[in-house]
Amino acid sequence: MGLREWAFTACLPAFKRLEHDLDFDNEWHGQDGPIPIRRHPEEELAPWQAIFLEACRQVGFPSCADTNDPTTTGAGPHSMNKVDGERMGVLRTYLTAKVRARNNLHIVPDTLVRRVRLRNGVAYALEVERFGRVFEIAGDRFVIAAGAIASPGILLRSGIGPENEVRRMGVEPLISVPGVARKLLDHPGVAVFFWPKRRGFSLPSTHPLIQNVCRYTSAGSECPSDMQLQPGSFVPLPDKSFPLVTLAVCLGKPIASGTLRYESAHVHDRPSIRSGLGASIEDQRRIREALMWIGKLARTKEVSNVVNFIYPSTRPFDNNGNFRGPLWQVMGSGYHPCGTIPMGTDDDPFAATCGRGRVRGTRGLFVADASLFPTIPSANTNLPTLMLGERFGEWLRDDVSL
Ligand SMILES: Cc1cc2nc3c(=O)[nH]c(=O)nc-3n(C[C@H](O)[C@H](O)[C@H](O)COP(=O)(O)OP(=O)(O)OC[C@H]3O[C@@H](n4cnc5c(N)ncnc54)[C@H](O)[C@@H]3O)c2cc1C
């Protein structure tokens with residue numbers, strides 16, 4: 001899209017820097033980063049996960065040992081930041097005791113950013129709220145990283161965004177940035193549920209929920225491996241007597257987008273979200289194609305020997321292998337919201353920031369989180385967001401003018 005900072009060759013060193021891959025040491029991987037990455041070996045697989053891999057082999061998907069190698073596709077263990085069953089997120093791995101003790105880092109917990117204060121387009125303070133007390137924090141460079149739902153709210157409350165939206169919220173418009181909260185991107189997730197044929201096959205919650213994935217390219221897609229098929233070892237239902245397992249789909253490059261609307265400028269008000277999931281005919285076609293793959297996997301002897309369909313029905317596919325039901329029955333958010341403050345080139349009227357996250361029309365005000373993605377990454381969004389954070393860290397460390 002013309003943003004050279006974000007070419008793959010520029011991003012790869014940041015991806016490598018953030019990880020310590022415990023399984024692979026090659027051109028795609030780093031060994032010295034804070035986030036451990038590993039894959040479940042065969043001997044750790046829950047029965048449903050092992051069955052999934054065998055069924056994928058039966059229907060012709062190639063085997064894939066490393067989903068984080070961009071030259072691969074097919075079925076295998078999903079690369080994860082999970083060690084001994086626990087996610088190794090940034091609070092544990094980046095904000096270590098040693099880092100927290102740094103003189104140039106001051107963490108103020110339980111503090112909500114209400115808005116950014118600007119004078120003639122220059123950011124000079126944050127207005128924050130802590131246990132009901134409102135005060136300002138002065139500075140000359142602010143990096144907003146409140147996530148794709150909350151960051152646009154901070155900008156809108158500050159008078160930055162589409163003028164009519166800002167005014168509707170009761171805020172005086174300061175800087176017109178039409179791209180703020182114009183659209184919300186997410187991965188549609190679709191799942192069908194199975195009921196075990198024999199008692200004790202699935203032991204809810206005692207197995208890892210997800211261990212494996214099968215990536216493939218949907219028909220006509222320009223993005224390789226844009227689709228993910230994934231087995232779920234249990235369904236986290238409150239009633240533990242339902243030992244269900246799932247096969248799920250994640251659409252990696254949806255065309256449809258949703259909207260995010262802030263009703264008021266009150267910092268505690270939640271925005272309303274219209275997800276727009278599956279609103280495009282092409283998205284629906286790809287999801288139905290993926291459901292056909294699920295139908296094929298379900299007909300293999302590995303799967304059909306152990307489970308029956310239970311949701312959305314006991315016979316969700318017709319004789320030609322087409323999913324019978326409406327998609328809304330099986331579709332929901334993939335929990336990957338992004339794209340609400342998209343970066344872009346100067347000639348893009350809907351670019352809300354430049355390629356280094358500086359909010360258009362401002363000085364000293366930056367965004368550095370999943371809001372910035374102008375299109376949704378085909379992979380899950382956590383690692384790309386960390387990579388983005390690494391790039392900002394690089395620029396701040398080298399004091400390159402952001
Ligand atoms: C249920 C769920 C499961 C997910 N599972 C996966 C997964 O398995 N793999 C994957 O790759 N991705 C997953 N994701 C997506 C991933 O978590 C996000 O893409 C990633 O965290 C985005 O990072 P971020 O920095 O943009 O925002 P966040 O991680 O959301 O960070 C924003 C922070 O800002 C704080 N904040 C918000 N508003 C304010 C304010 N006004 N003032 C001060 N602070 C504020 C929030 O409390 C939060 O700590 C999942 C998401 C969800 C919701």
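At roughly what angle do the axes of α1 and α9 cross, and within what distance do they come? Before answering, I noted that this is a predicted model, in which local features need pLDDT of at least 70, side-chain atom pairs count only at pLDDT 80 or more, and totals for chains, interfaces and linings use all residues. Residues are numbered from 1 along each chain as its sequence is written.

**Entry 1: two helices.** I found that the axes of α1 and α9 come within 9 Å and cross at roughly 105 degrees. Axes here are lines fitted to C-alpha atoms, for helices over the stretch in contact, with angles from 0 to 180 degrees between N-to-C directions. That makes α1 roughly perpendicular to α9 (the word covers 65 to 115 degrees). Helices (H or I, at least four residues) and strands (E, at least two) are DSSP runs, numbered from the N terminus. On the α1 side I listed Cys 11, Ala 14, Phe 15, Arg 17 and Leu 18, and on the α9 side Leu 386, Met 387, Glu 390, Arg 391 and Glu 394. Contact means C-beta atoms, placed from the backbone, within 7 Å.

**Entry 2: the cores.** Next I looked up the largest nonpolar core, which has 45 residues; Leu 156, Val 180 and Val 359 have the most contacts inside it. Such a core is a set of buried Ala, Val, Leu, Ile, Met, Phe, Trp, Tyr and Cys residues joined through C-beta atoms within 7 Å. Buried means 20 or more other C-beta atoms within 10 Å of a residue's own, with C-beta atoms placed from the backbone. Among the elements giving two or more residues to this core are α1, α5 (147-157) and α9. A second, separate core of 41 residues includes Ile 51, Phe 193, Cys 214 and Leu 251.

**Entry 3: helix α5.** I see that 8 of the 11 residues of α5 are buried, so the helix is largely enclosed by the rest of the structure. Leu 155, Leu 156 and Arg 157 are among the buried ones. The cover includes β6, β9, α6 and β20. Just after α5, Gly 159 takes a positive phi of about 90 degrees.

**Entry 4: strand β15.** How many of the residues of β15 are buried? I got 7 of 7, over residues 245-251. Val 245, Leu 247, Val 249 and Leu 251 point one way, and Thr 246, Ala 248 and Cys 250 the other. β12 pairs antiparallel with β15 over 6 bridges (pairing needs at least two DSSP bridges), with Phe 193 opposite Thr 246. β14 also runs antiparallel to β15, joined by 6 bridges, and Pro 231 has Leu 247 as its bridge partner.

Notes:
Buried ≥ 20, exposed ≤ 12 C-beta atoms within 10 Å, placed from the backbone. Parallel < 35°, antiparallel > 145°, perpendicular 65-115°, else oblique. Contact = placed C-beta atoms within 7 Å.
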